[in-house]
Amino acid sequence: MASPTQKKIGIIIGSTRPNRIGPSIAKWVLQEASKRQDLAFELIDLAEINLPMFDEPRVPAMGQYEHEHTKRWAAVVAKYDGFIFVTPEYNYGYPASLKNAIDFIYKEWNGKPAAFVGYGAAAGGIRAVIQLKQLLFILKMLPVYVDVIIPNANAQVTDGRFKAEEAQNQALTALLDDLAARFS
Ligand SMILES: Cc1cc2nc3c(=O)[nH]c(=O)nc-3n(C[C@H](O)[C@H](O)[C@H](O)COP(=O)(O)O)c2cc1C
């Protein structure tokens, strides 16, 4: 539970498929982030949010959401002051599940800082993160400079637990410092 002085950060798990490793990586992010006192963190699992393919009849920027699932999702996003997007790389980009969830709403994203933890095979999700940063500009979000990039991420997951290397813990600390600086 966030104290009145703590900004609330949602850690968004971008993948939704069975057998995904997204939750393992997001739990590591949460565990490390929760050592901080200045920000409060919670997981947001898009598989649990379970949105259909985008089906709003109006452009989300108009703010007139029709469907209950959209209103519920908008209320979730509105609760947070900033986000960490935990995204895999699928075919040189971020997954469709993440784009779909982002497209559904508009003003709830505006003006909020966003940080990125990318993971994948050889390139560690870097292409997904770069594309995601471009996308979030149109939503008037404020992407932070420091990213965490995890190549060959599957090799670091055993029994659902991601075991970080020291350099990855350090990169995550730098990311969290950069994110926190956006609120100071
Ligand atoms: C549809 C699909 C496309 C993929 N394309 C890439 C890719 O372009 N680059 C890469 O580094 N890894 C790629 N991978 C490997 C994934 O990054 C890796 O399987 C990762 O675990 C996926 O995240 P998830 O387990 O949370 O779904 C791809 C995986 C899938 C399922």
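Student: Where is Ala164 found?

Tutor: Please keep in mind that this is a predicted model. Ala164 sits in the loop that lies between strand 7 and helix 6.

Student: Which residues does Ala164 touch, not counting residues up to four places away in sequence?

Tutor: With those neighbours left out, Ala164 touches Trp28, Gln156 and Asn169.

Student: How do I read a pocket, and which residues line the largest pocket here?

Tutor: The general idea is that a probe the size of a water molecule, rolled over the atoms, shows where empty space is left. In this model the largest pocket has a volume of about 150 Å³, and its lining consists of Ser24, Lys27, Trp28, Gln31, Glu32, Gly160, Arg161, Phe162, Lys163, Ala164 and Asn169. Two or more of these lining residues come from each of helix 1 (22-33) and strand 7 (161-162), and helix 1 gives the largest share, with 5 residues. Sorted by class, the lining holds 3 nonpolar, 4 polar and 4 charged residues.

Student: How are two packed helices described, and what is the angle between helix 1 and helix 6?

Tutor: In general, one gives the angle between the two axes and the distance between those axes. Here helix 1 and helix 6 (residues 166-181) pack at an angle of about 65°, while their axes are 11 Å apart, and the crossing is right-handed. Helix 1 contributes Trp28, Val29, Glu32 and Ala33 to the contact, and helix 6 contributes Gln168, Asn169, Leu172 and Leu176; by class, these residues are 5 nonpolar, 2 polar and 1 charged.

Student: Turning to the strands, in what order do the 5 strands of the open sheet lie?

Tutor: The order is 2-1-3-4-5, with parallel pairing, and the edge strands, strand 2 (39-45) and strand 5 (142-150), each pair on one side only. On average, neighbouring strands are turned by 20° against each other, direction ignored. Within the sheet, strand 1 (residues 7-13) and strand 3 (residues 82-88) run parallel and are joined by 5 bridges, and Ile13 has Val86 of strand 3 as its bridge partner.

Student: Which helix packs on the sheet, touching strand 3?

Tutor: That is helix 5 (residues 126-138), which also touches strand 4 (113-119) and strand 5, and whose direction makes about 165° with that of strand 5.

How values were computed: Residues are numbered from 1 along each chain as its sequence is written. This is a predicted model: local features need pLDDT of at least 70, side-chain atom pairs count only at pLDDT 80 or more; totals for chains, interfaces and linings use all residues. Side-chain values use heavy atoms; hydrogens and water are left out. On a 1 Å grid over the protein atoms alone, a cavity is a set of points where a 1.4 Å probe fits but cannot get out, and a pocket is an open set with protein on both sides within 12 Å along at least five of seven lines; lining residues have an atom within 4 Å of a point. Grid points are joined across faces, edges and corners, and a volume is the space filled by probe spheres set on the points. Helices (H or I, at least four residues) and strands (E, at least two) are DSSP runs, numbered from the N terminus. Ala, Val, Leu, Ile, Met, Phe, Trp, Tyr, Cys and Pro count as nonpolar, Asp, Glu, Lys and Arg as charged, and the others, Gly among them, as polar. Axes are lines fitted to C-alpha atoms, for helices over the stretch in contact, and angles run from 0 to 180 degrees between N-to-C directions. A crossing is left-handed if the near helix is turned anticlockwise from the far one by less than a right angle, and right-handed if clockwise. Contact means heavy atoms within 4.5 Å. Two strands pair if DSSP finds at least two bridges between them.
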